[in-house]
Amino acid sequence: MSEEKHLPYNESELYKVRHSAAHIMAQAVSELFELDEAKIAIGPPIENGFYYDFELPRQLVPEDFKAIEKRMRQIIAAKQPFEKKVVTSEEAKAQFANQPYKIELIEGLEAGGVDEYGEPLEGETEISFYQHGEFVDLCRGPHVEHTGQVNQASFKIMSIAGAYWRGDEKKQQLQRVYGTAWQKPQDLKDHLWRLEEAKKRDHRKIGKELGLFYFSEDIGPGIPLFTPKGEMLRHLMEEYVRDVQTRYGYEHVWTGHIVKEDLYKKSGHLENYKDSMFPPMVDENVSYRLKPMNCPSHMILFKEMGKHSYREFPMRFSEFATLYRYEKSGELTGLTRVRSLTQDDCHIFCTPEQVESEFTLALNLVKEVLDRYEFTDYRVDLSLKGDTGKFVDDPEKWEQAEDALRSALIKNKVEYTEAYGEAAFYGPKADFIAKDVLGREWQLSTIQVDFIQPSKLDLVYIGEDNSEHTPVVIHRAVTGSTERFLGVIIEHYAGKFPLWLAPVQIVMVPIADRHNEYAGKVAAQLREAGLRVKVDGSRDRMNAKIRNHTKMKVPFILVVGDKEMEAEMVAPRARDIENLEPMSVEKFIELVSE
């Protein structure tokens with residue numbers, strides 16, 4: 001784990017630079033049109049950049065970008081101070097009399113402290129402007145001191161997209177202009193390189209090229225179809241986690257694909273996740289749902305297994321279950337956002353006193369798995385309860401759960417950032433945010449502490465005092481979902497999977513038909529040694545075969561001809577090792593084993 005202390009993004013200097021760049025861009029875009037023709041909405045910093053939403057008299061096109069950037073550089077060169085002014089709602093409305101989106105925002109602030117996204121604001125409501133030069137915007141900040149602190153060589157307008165006002169498809173569609181801004185020119189160059197590299201590594205592109213998975217309109221959106229090679233990858237990933245979990249004392253269970261809707265009413269999931277569930281199936285007046293999560297099923301299994309004593313704890317149930325979530329079609333993205341997903345899910349039933357030790361065990365398991373996949377730079381977000389109504393109202397249990405999770409992180413010397421309002425509806429969670437080789441962050445593993453659902457589902461155990469108590473449940477996922485994690489590692493490795501994970505580790509390439517028998521004999525020896533081997537008996541020439549399997553990123557290609565057959569050797573070509581000499585089959589097995 002990275003030792004560098006993580007400063008929250010919204011407190012960083014880069015956040016101020018991007019927020020300021022958004023205002024500068026809003027001024028530049030507005031000046032392309034006649035006074036009051038440009039209606040401005042909102043313009044926040046986002047990951048890797050910023051955007052601003054506009055209603056404009058014409059559609060912007062990429063050819064406009066140079067003019068916008070040119071004007072932005074002029075504004076930056078003027079070193080105009082960003083000046084804050086706190087105003088009354090009347091003054092704010094007068095300033096933005098011809099800006100309907102700003103008026104709506106002001107009315108939200110006036111009515112009850114609602115920000116630009118309709119979310120409640122903490123503390124007293126303050127209406128403020130930020131002004132640089134002639135441009136005034138309704139804004140809370142923060143900003144840099146003056147426009148000159150945005151580096152002229154470190155920003156770029158990136159793209160235009162449609163966006164509904166406040167994300168509501170019933171409201172006006174606006175033009176969203178995206179930009180990126182950095183503190184140094186080299187940072188911008190690195191970012192643009194990463195974007196190009198990310199295109200090359202796109203798991204949808206590589207997955208199709210390597211023949212791993214497909215999507216079909218005949219099946220439906222968000223439901224991936226895995227080829228034999230793709231299924232081998234899934235199997236290897238799940239088998240590895242299963243083996244690690246077994247070594248750590250987890251037991252594996254199975255709880256099916258559909259569940260009575262009433263169970264989700266009891267657990268609270270129907271109220272909180274109804275929009276993410278597929279419609280009910282009704283049989284003899286009983287409604288069933290495709291299972292979108294495992295926790296209620298595991299808790300019912302715990303109940304059905306009879307009375308439990310504290311002496312049985314901790315009980316650790318794991319399951320590789322395929323779940324079904326009704327994601328909106330516009331939000332589906334390859335394997336990273338699907339409608340059928342397989343989670344490496346676990347629920348640990350324990351006493352309150354065991355929470356810390358069980359968290360430590362889960363943490364060590366997560367570290368081991370992430371290290372194996374070469375995710376060594378990661379941080380932890382501690383997601384806590386917010387003030388919105390989505391959280392179960394039980395302050396005492398929330399405080400108990402948050403204290404337990406915070407204490408476990410501190411005792412394990414794990415640095416974390418607190419994120420209020422990001423918890424699950426039933427309890428706080430520690431999310432592991434890992435960086436891939438391009439520096440992109442992915443939320444992978446999670447550990448959650450739940451003092452609430454067990455009592456809602458009437459779970460009990462007999463304590464040391466011979467009285468009934470409610471167990472604590474720790475929810476834990478290591479790789480999250482097989483599909484999403486596979487999408488991430490395809491991009492992380494650019495399709496060049498490490499040898500242990502490669503669905504085909506070795507391809508035998510016989511030079512001519514007379515070498516096929518020997519190639520088959522060698523392949524049998526390699527399979528006996530536990531290796532995944534294929535023989536290319538096609539009519540293609542040797543060089544074409546080598547070229548094809550090199551494109552498929554196979555770790556080893558073994559060429560066999562007359563010399564190899566006579567000497568009972570192989571001529572290996574390795575993806576990651578240069579200049580290998582011909583060697584015996586036994587020596588090659590030894591090399592691969594190492």
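**Strands, rings and one buried glutamine**

Methionine 508 has leucine 558 in S26 as its bridge partner. Before going on, a word on the source: this is a predicted model, in which local features need pLDDT of at least 70 and side-chain atom pairs count only at pLDDT 80 or more, while totals for chains, interfaces and linings use all residues. Residues are numbered from 1 along each chain as its sequence is written, and side-chain values use heavy atoms, with hydrogens and water left out.

Back to the strands. Strand S24, residues 506-510, runs parallel to S26, and five bridges join the two. Strands here are DSSP runs of E, at least two residues, and helices are runs of H or I, at least four residues, both numbered from the N terminus. Two strands pair if DSSP finds at least two bridges between them. The open sheet has five strands in the order S25-S24-S26-S27-S28, and its pairing is mixed. At its edges are strand S25 (533-535) and strand S28 (583-584), each pairing on one side only.

Next, the rings. Rings of Phe, Tyr and Trp (its six-membered ring) pair if their centres lie within 6.5 Å; planes under 30 degrees apart count as stacked, over 60 as edge-to-face and the rest as tilted. The count by this rule is 19 aromatic pairs. One of them is phenylalanine 556 with phenylalanine 588, edge-to-face, at 5.3 Å centre to centre with 90° between the planes. Phenylalanine 556 is in strand S26 (residues 556-560) and phenylalanine 588 is in helix H18 (residues 585-593), so this pair ties together parts 32 residues apart in sequence. Buried or exposed, phenylalanine 556? Phenylalanine 556 counts as buried, at 6% relative accessibility, and phenylalanine 588 is buried too, at 1%. Buried means under 20% relative accessible area, exposed over 50%, and partly exposed in between, with a 1.4 Å probe and protein chains only.

Ring pairs also link Tyr240, Tyr373, Phe375, Phe485 and Trp500 into a cluster. Over the ring of tryptophan 500 sits the charged end of arginine 372, 4.2 Å from the ring centre. The rule for that is NZ of Lys or CZ of Arg within 6 Å of the ring centre and within 35 degrees of the ring normal.

Last, glutamine 448, which is in strand S20 (residues 441-450). At 10% relative accessibility, glutamine 448 counts as buried. Not counting residues up to four places away in sequence, glutamine 448 touches Ala424, Tyr426, Pro428, Lys429, Val473, Ile474 and His475, where contact means heavy atoms within 4.5 Å.
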